[in-house]
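Hello,

I am handing over the structure discussed earlier. Please look it over first; my notes follow below it.

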Amino acid sequence: MAVVPQINVGDDYREKYGFFDPEKYVFKAKRGLSEEIVKEISWMKSEPDWMTQMRLRSLRIFEKKTMPTWGADLSVVAFANIFYYLKASETQGKSWDEVPDDIKRTFDRLGVPEAERKFLAGVAAQYESEVVYHSLHEELEKKGVIFLDTDTGLREHPEIFREYFGTIIPPADNKFAALNTAVWSGGSFIYVPKGVKVDIPLQAYFRINAENMGQFERTLIICDEGSFVHYIEGCTAPIYTTDSLHSAVVEIIVKRGARCRYTTIQNWSTNVYNLVTKRAAAYAGATMEWVDGNLGSQITMKYPSVYLMEPGAKGDVLSVAFAGKGQHQDAGGKMVHVAPNTTSTITSKSISKAGGRTSYRGLIKVHPGAHNVKSFVKCDALLLDDESISDTYPYIECDENDVNLGHEATVSKVSDEQLFYLMSRGIPQAEAETMIVNGFIEPFTKELPLEYAVELNRLIQLEMEGSVG
Amino acid sequence: MADFEIKDLHVTVEGREILKGVSLGLSRGEVHAVMGPNGSGKSTLSNTLMGHPGYEVTSGAVLYKGHDLLAMQPDERARLGVYLAFQYPTVVPGVTMANFLRTALNAKRGYDGKDKSKAITPREFRALLKEPMQVLRMDDTFLSRYINDGFSGGEKKRAEILQMAVLKPEIAMLDETDSGLDIDSIKFVSESINSMRGPDLGVLIITHYTRILQFIKPDFVHVLVDGLVVRSGGADVADELERTGYSEWVDEPAVIGAGESGVPAKPASWGAEEVS
């Protein structure tokens, strides 16, 4: 039974948001989740029947699946109290005055330009970036690269979409993957043709539109044989949202000889539960690299994984987590060695401050017959005070003898000796502590494009201010 | 009164009194050597003067430029012009020497991230580093390495002197700077220190052996034994020690000029914790 949604388009709509298809615009959302809501979402997007059916099937799985009982405490997530489909025009209708002061102050200190601030605060779209996106889009089109928001991807490239969507992370994978598949909206859809190397990083930032900040983003990336792409999601400035649940799904297919790097820096405001499933399948000789930074949110549970499907595949996870007061970052990575001669590394760096908690949670799985597998896990935790917590949960499931697995873990405090050394050169304590922390995550920072690295260092500096070691 | 005045300094480490009333005056333009056998309190003296949190001053005073140095944080002491070339420089992973030197210079110039006119420019920075790096035989790759990370013993000591050359302190303490150095490195390091000597710089060389004093001639020599200065005099005191060692005070063979026959034990580390 379809419910006719209320359409409420303002006079200035076309002028302001003409970038979008009108029928996508306004939809009065209801709280909670039901078959009706899911059908409405699909109907609003004029989706093909197979997608509607998949959403409904996923909803049923979501309802049946129990909450994960491991990891962070999720008992407080109130599914019935969530808007599952908030249209952009509504979030954009929020006023700047509603944005909390501490977020505004952080923008000030980070030097975020005025236009960007409103976007980041979920107040308005950023118009300049649309222009950037359009010119980039043309450039990519010449090479046959598809870079769209996921809704448009489904509409314009249904054949590619259907072939891959939900194949890496099926709805039944976990409760939140099922939820996402039922109500997904927005995210990025990228296809890189055979042999094409995209030489500039593709940033979600360029593709900014209403959908970008969706709670239930769905990203699908396909790297065809011998191709390369670096995709960057998120930014270091805090993302303010009134929504308390962010549950994204990212699926990546890296075909023979291709390489994909996916960089995320999430800095959600600290009211957000950030529960994300990210997984890639890497085929013969392919390389998948996750560079994953978690600074914001109240709770994050995120373990980017790589399934190494064919010989010569390589997987890397480089993860940084910063947990301040009231935050729990439960992050890590997962490497599943299905084929022989595959290699993987997981490097995790975590920092806990002011009672914050970081957990490393990782799995190395080696299937029978996957001989000559090499895998190395290194997790380092830095505690900035006595009340902060760090723990590690490294799991290994190995059904093969001919493997080489290594694991190394350290927990340290900002050392008095290091602090004294830097201070003895005239550097004030707070600055010295920031230097030590930035030095600690340097293996991560150096993998970022320069402007992100600079921003991240500045952000750490802000997080560190006022901390006394 | 000397520029830098240490008065009846008593220092306790982990409940044990190490310095038992040290008094010493050092003025800019002078080079003093504090010599003493192992365990006499030499490193305790330098660490206390720099403000290491593991050393507890139970009584005494240190006066410099009208300030009570002991009431100041290590960074404040440094910005006032006090410097310590460490015996065991600390490794700080992930922080490049260039970043470190620039941050230290900017701190000295009062740059707090706001008034950009106070920050050192890349050009000034290069100019400042050029000569001392040549004298110390250090190439540019050194600047992109992390602080003391993977440095050889000699590289660490040269890095300490480079920092001194860049920060231009007024009172510089050199703690066992010649230990772990081969004879060539001692020459480079001494050359660099000698080039900084002048009316604006007071130097306190802390050493077990007389070797470095053959390259950097002291004006005054003090002998520290069991937490007390037992003898003070001119350069001739060092010559005497060269012959007799510390046998007058302790039961230790006279191998003072020989260099590396006995490397002092590393002091216990305070507060540094690492568990796996």
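In which strand of chain A is A:Ala280 found? A:Ala280 sits in strand E9 of chain A, residues 273–282. Please keep in mind throughout that this is a predicted model.

Around A:Ala280

A:Ala280 has 28 C-beta neighbours inside 10 Å, and it counts as buried because 20 or more are needed for that. Apart from neighbours within four places in sequence, A:Ala280 is in contact with A:Ile252, A:Val254, A:Cys260, A:Met288 and A:Val306. A:Asp385 is 105 residues away from A:Ala280 along the chain, and the two C-alpha atoms are separated by 36 Å.

A:Cys260, one of those contacts of A:Ala280, has its own list. Not counting residues up to four places away in sequence, A:Cys260 touches A:Ile221, A:Cys223, A:Val229, A:Ile252, A:Val254, A:Ala280 and A:Met288.

How many residues does the largest nonpolar core have? The number is 181, and the residues with the most contacts inside this core are A:Ile252, A:Val254, A:Cys260, A:Ala282 and B:Tyr83. The core lies between domain 1 (1–302) and domain 2 (415–469) of chain A, because both domains give residues to it. As background, nonpolar side chains tend to be buried together in soluble globular proteins.

Those two domains are the ones that the domain assignment gives for chain A. Their contact takes ten residues from domain 1 and ten residues from domain 2. On the domain 1 side, helix H5 (101–110), strand E8 (259–266) and strand E10 (287–294) of chain A each supply at least two residues. H5(A) has the largest share of that side, with three residues. By class, the domain 1 side has five nonpolar, four polar and one charged residues.

Between the chains

The contact between chains A and B takes 26 residues from chain A and 29 residues from chain B. On the chain A side, the elements that give two or more residues are strand E19 (403–413), helix H11 (416–423) and helix H12 (429–440). The residues on this side of chain A are eleven nonpolar, nine polar and six charged.

A sheet in chain B

Chain B has an open sheet of six strands in the order E6-E9-E10-E3-E11-E12, with mixed pairing. Strand E6 (82–85) and strand E12 (228–233) of chain B are the edge strands, each pairing on one side only. On average, neighbouring strands of the sheet are turned by 20° against each other, direction ignored.

Helix H5 (residues 153–167) of chain B lies across E6 and E9 of chain B and runs at about 165° to E6(B).

Two positive phi values

B:Glu14 is not a glycine, yet its phi is positive, at about 50°. B:Glu14 lies in the loop between strand E1 (4–13) and strand E2 (16–26) of chain B. Phi of B:Glu176 is also positive, near 50°, in a residue other than glycine. B:Glu176 lies in the loop between E9 and helix H6 (183–196) of chain B.

Are these two residues buried or exposed? B:Glu14 is exposed, with 10 other C-beta atoms within 10 Å, whereas B:Glu176 counts as buried, with 23 C-beta neighbours inside 10 Å.

Regards

Terms used: Residues numbered from 1 in each chain as written. Chains lettered and ligands numbered in written order. Predicted model: local features only at pLDDT ≥ 70, side-chain atom pairs only at ≥ 80, totals over all residues. Contact = placed C-beta atoms within 7 Å. Helix = DSSP H or I, 4+ residues; strand = E, 2+ residues; numbered from the N terminus. Nonpolar A, V, L, I, M, F, W, Y, C, P; charged D, E, K, R; others polar. Domains from an automatic or database assignment. Pairing = 2+ DSSP bridges. Axes fitted to C-alpha atoms, helices over the stretch in contact; angles between N-to-C directions. Core = buried A, V, L, I, M, F, W, Y, C linked by C-beta atoms within 7 Å. Buried ≥ 20, exposed ≤ 12 C-beta atoms within 10 Å, placed from the backbone.
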